[in-house]
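Colleague: I am new to this one. Could you take me through a single part of it closely?

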Amino acid sequence: MLAVLDADAARLTAEGAALQRDATADLREERLALVARRSAALRAAEHRLCFGRVDGVDGASLHIGRTGLTDDDGEPLLVDWRADAARPFYAATPATPLGVRRRRHLTVDDRTVVAVSDEVLDGEPGPGDVVGDGPLLAATTAGRTGRMREVVATLQAEQDAIVRSAHRGVTVVEGGPGTGKTVVALHRAAYVLAMFDAARADGVLVLGPDPRFLDYISQVLPSLGENDVVLSTTTMLLADALGVTDPVRASDDLRRRLGDARVARKLERTVRAHQAPSGTLTVTIAGDRITLPAHEVAEARATAQATGLAHHPAREVFVELVTDALTDEVQDRARVFLARMDEDMEVLAGRFDVEKAVAADLARLGFAADEGGVAGHKAALAELDPQALRESLAGDPVVDAAVDALWPRLTVEDVVAEVLGRRRRRWTDAHLPLLDEAAALLDGPDGRTFGHVVVDEAQELTPMQWRAVLRRSPGRSMTIVGDLAQAGPATSATTWDEALGDVARRAEVHTLTVCYRTTAQVLAAAEPLLAGIAPHQPRSRAIRTGPAVRRVAGTDAVRQVVLEEVAAGGLVGVVAADDDVAALDEALAGTGADRVVPVSAVRGLEWDAVVVVDPDRIREAREGGERDLYVALTRPTSRLVLLTR
Ligand SMILES: Nc1ncnc2c1ncn2[C@@H]1O[C@H](COP(=O)(O)OP(=O)(O)OP(=O)(O)O)[C@@H](O)[C@H]1O
């Protein structure tokens, strides 16, 4: 297999070089992208290439790995984990063996097989059995490195079903801490990239709660051979789209207030209030005052608004309609004038200088007096080209100014300032969704959209942020993972219907119930908090047990406790109330602990051992503090220390 992989890689390198040399520009770019994608997949697959094998009851075998390989005759040597043929490796259980007699896990170190573990699928299963306990236990107990790892070799049946679901709409994955929601979200991203054309064509966006979290998950997709995924936070995404640099962090209260969906309605009302609310439109063209009556203006407004376009494109429609009406009016006047001129000529012929009288009228309409006399002007008027007239009116600054008074051009900042009742010198992260909403109302949604959007820690998004995210997912192909019991103070939704509105109605919802991160002891320690936060939420079941939770009195002992935990081994995280972080950082310098993380930024992270400093203070520090504490308590893979006052 490795020889085939090496040969494939060498062939791709040669193909890339030939393309650079010979291909036409158009062909080159497209082919090179394909070659680069396949090369990246091979490079990522090279180490630990094959991790599994299924032996069927019919005697046939399949090897499962990070990529697909075929031999010279086109026969499959290795099946890509995403392919349908690989499904039994993940989904077969003793209850539904799917034709599998034996599942084999291979542990490979670089290019060498170092261990084999078999599972024969012929015993009687217990309810909720976890498949492949040996390799899974090894993976979940392995020391943490501070970066999440891909788990393609041990993806569990309930996770795999979500990852490879054929559903192309919105998939919601909920579950308690450590049930693998992030794992599922990232493997799903890799799956849809390979299997959904729209995702490959328009790209995949993965959103996480903060930069620390993005760093934590940053290796997973590259190690699955996917380098083209945009990884961002909602704030970074919007700041980029809006050109806002370094938005200030908003207070929880501001975030809550500005995150409310009612703000969107206010923005919409504000913009609409600038769309020719009432009144007439008067312009002076060539010295002539022309007024469009209010009902004509209202008609033009209604038609422009009925297009459903954003403010500025709809303004173009309004300008067109107004210009048409003005053109009609100028033409009507010209016609009336010509008729009158004929009458004048007949009635007054011979009595006085008709030419002179008419010339005065013509001059009022903007015709120079020396262009072929009245006959010439008459001809010019009769042939007045409506299209040319319309164009000249559309480009006329006088018309533009008159339209602007009724339907002004607006800036995003104007609109947001009007809604807030004041201008700000600097924007906070909580203002970004408002600016984005205003931009969409004024000019239509941001140009960059994605074929698939993954939202992790989705409970953290405010309704206004959701609106901004949904604008980037016009096809509504999304994977949304989160746990409402872990929600920070900015959101108050208690159901996904509430959090996602209409989108939830068409969603496929999955609930994960097996906790892969932490031990039964840690889950038990967090249970009283969960009982208060979400009494009806289905409880997760830990697959491991571990040491008892340590409770140490006296926060003065923090340095000593952390030193003990570091000595006990593994990666040690310290979590504290946001305001205590700076002092603790100083106090713990040189202890070897990973870092002190403010509780507000701890969602999604994990360590082997976690020291939670002053749980009461965390609970009291801000609204929803009990949820913060619940999140903090569920971070360790093994040891939890509660350092109380
Ligand atoms: N199938 C699996 N095989 C090996 N490890 C797994 C598997 N599923 C989950 N894990 C591990 O369990 C831990 C928790 O997973 P993950 O972070 O995805 O959970 P989560 O539900 O997103 O948690 P939280 O709600 O706390 O953010 C991670 O270390 C992950 O690698």
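Modeller: First, the ground rules. This is a predicted model, so local features need pLDDT of at least 70 and side-chain atom pairs 80 or more, while totals for chains, interfaces and linings use all residues. Residues are numbered from 1 along each chain as its sequence is written, and side-chain values use heavy atoms, without hydrogens or water.

Next, the polar contacts (N or O atoms paired within 3.5 Å). Gln 159 places a polar side-chain atom 2.8 Å from a ligand nitrogen. Gly 180 uses its backbone: an N or O atom there lies 3.0 Å from a ligand oxygen. Gln 486 brings a side-chain N or O atom to 2.9 Å from an oxygen of the ligand. On its own, the ligand has 630 Å² of accessible area (Shrake-Rupley, 1.4 Å probe), and the protein covers 98% of that.

Where does the ligand sit? Its space is the largest pocket. A pocket here is an open set of points on a 1 Å grid over the protein atoms alone, where a 1.4 Å probe fits, with protein on both sides within 12 Å along at least five of seven lines. A molecule sits in one if more than half of its atoms lie within 2 Å of the grid points.

The charged end of Arg 168 sits over the Phe 196 ring, 4.0 Å from its centre (the rule: NZ of Lys or CZ of Arg within 6 Å of the centre and within 35 degrees of the normal).

Key: Polar contact = N/O pair within 3.5 Å; in protein donor to acceptor, adjacent residues only side chain to side chain. 1 Å grid on protein atoms, 1.4 Å probe; cavity = no way out; pocket = protein on both sides within 12 Å on 5 of 7 lines; lining within 4 Å.
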